[in-house]
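Q: Got a structure I'd like to go through with you. Can we take it residue by residue?

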Amino acid sequence: MLAEARALFRRRDFAALAQRLAPLERAALRAEPELGVLLADSWRRLGQPEDALALTRELADVCEQRGNDRIFRERLNLEGMLWFDRGEVARAAHAWSELLRLASEAGDAHFVARANHNLGVVSTLQGDSGAALASYERAITAYHQLGYLRGIAQSHENLAITYRELERLDQAEHHCLQAIEYARADGSEDEVARAQQERALVLCLAGDLALAQRTALQALHGFRRLNSPADVGGTLQVLGLIALAQHRHAEAATHLQDALTLARQTQELLLEAEILEAQAALAAAERDEPGCRWLQAEASRRFVELGAVAWGERARARLLRIRAAAPTEEEVA
């Protein structure tokens, strides 16, 4: 069963993996905790974060008894991701800092790289671009030494996000293209789509709205094919921003509302806050000042709760740039 589960995970067939493992008794998952970690990871990717976190925490004592081995570190990394998905950034950072310490002690270059990568995400959210760039560069160096193409792709994508937030759009697109290249070489369809989604946003900010829309649609088709609802929500948000930049307000409203529904279903709290901020920008474009103020207040409250105030401020500034760079309604017509 473990060999079968590993094969399904390598193929990224998370639905089949969850269907195979979910009927098992908890005692069986505790007896072979790698099965439990694989099931929890699959549930996370399938939009069942509460089930995933409950199982991940339930396996903590069993994994600790095993000592600082690969499954122990895998479970700790997964717990960090689940806390991060819930918006509990401080808990996520604590898990990943502990992971970095333990992976360094064990000489596990793979998890040293992953911990650096994830801590870079935390630094990005907190507005510390210098620390983020340093973390991602360390991760890329480690992943190159390992020959782990998927990790290299993920780190390039996050470098793109950091450079995009610094308004260095040429560098951001360069790293998007690097991420797509490494993800394709690895056969990681989800990472290809994720990098396409980021590139679409970069292109939108650069004013190339036609290419931005085509790129976002490629990402959307990829995520729907992979049955990844949270990522579909993120891509619909980008399509909403592109439609906003094109003065297609009805289309923007539909995309953003669909994105918000998926964000809430999958409990993607950071994505939900970003979408509320985007809806506020749409309300402002339609001269709905009371609606804009209410949505901005709701978004701000969530960013504060998530410990991502700096990220929220940048999201609002990004929306202002999108509206300012957009062609006039007459030019679109």
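Q: Cys63 to start: buried or exposed?
A: Cys63 is buried, at 0% relative accessible area. Buried means under 20% relative accessible area, exposed over 50%, and partly exposed in between, with a 1.4 Å probe and protein chains only.

Q: What kind of model is this, and what are the ground rules?
A: This is a predicted model: local features need pLDDT of at least 70, side-chain atom pairs count only at pLDDT 80 or more, and totals for chains, interfaces and linings use all residues. Residues are numbered from 1 along each chain as its sequence is written, and side-chain values use heavy atoms, with hydrogens and water left out.

Q: Switching to rings. How many aromatic pairs?
A: Three. Rings of Phe, Tyr and Trp (its six-membered ring) pair if their centres lie within 6.5 Å; planes under 30 degrees apart are stacked, over 60 edge-to-face, the rest tilted.
A: One of them is Phe84 with Trp96, tilted, at 5.8 Å centre to centre and 40° between the planes.

Q: Where do Phe84 and Trp96 sit?
A: Phe84 is in helix α7 (residues 70-85) and Trp96 in helix α8 (residues 89-106), so the pair ties together parts 12 residues apart in sequence. Helices are DSSP runs of H or I, at least four residues, numbered from the N terminus. Both Phe84 and Trp96 are buried.

Q: And why does the pair Tyr143 and Tyr148 count as tilted?
A: Because the planes are at 50°, with ring centres 5.4 Å apart. Tyr143 is buried at 1% relative accessibility, while Tyr148 is partly exposed at 27%.

Q: What lies over the face of Trp83?
A: Arg91, at 4.1 Å from the ring centre. The test is NZ of Lys or CZ of Arg within 6 Å of the ring centre and within 35 degrees of the ring normal. Likewise, the charged end of Arg318 sits over the ring of Trp311, 5.9 Å from its centre.

Q: Last one, Glu274. Which helix?
A: Helix α17, residues 269-285.

Q: What is the nearest side chain of opposite charge to Glu274?
A: Arg318, 4.5 Å away. Glu274 is buried yet has no salt bridge, which takes a side-chain nitrogen of Lys or Arg within 4 Å of a carboxyl oxygen of Asp or Glu. Lys and Arg count as positive, Asp and Glu as negative; His and the chain ends are not counted.

Methods:
Helix = DSSP H or I, 4+ residues; strand = E, 2+ residues; numbered from the N terminus.
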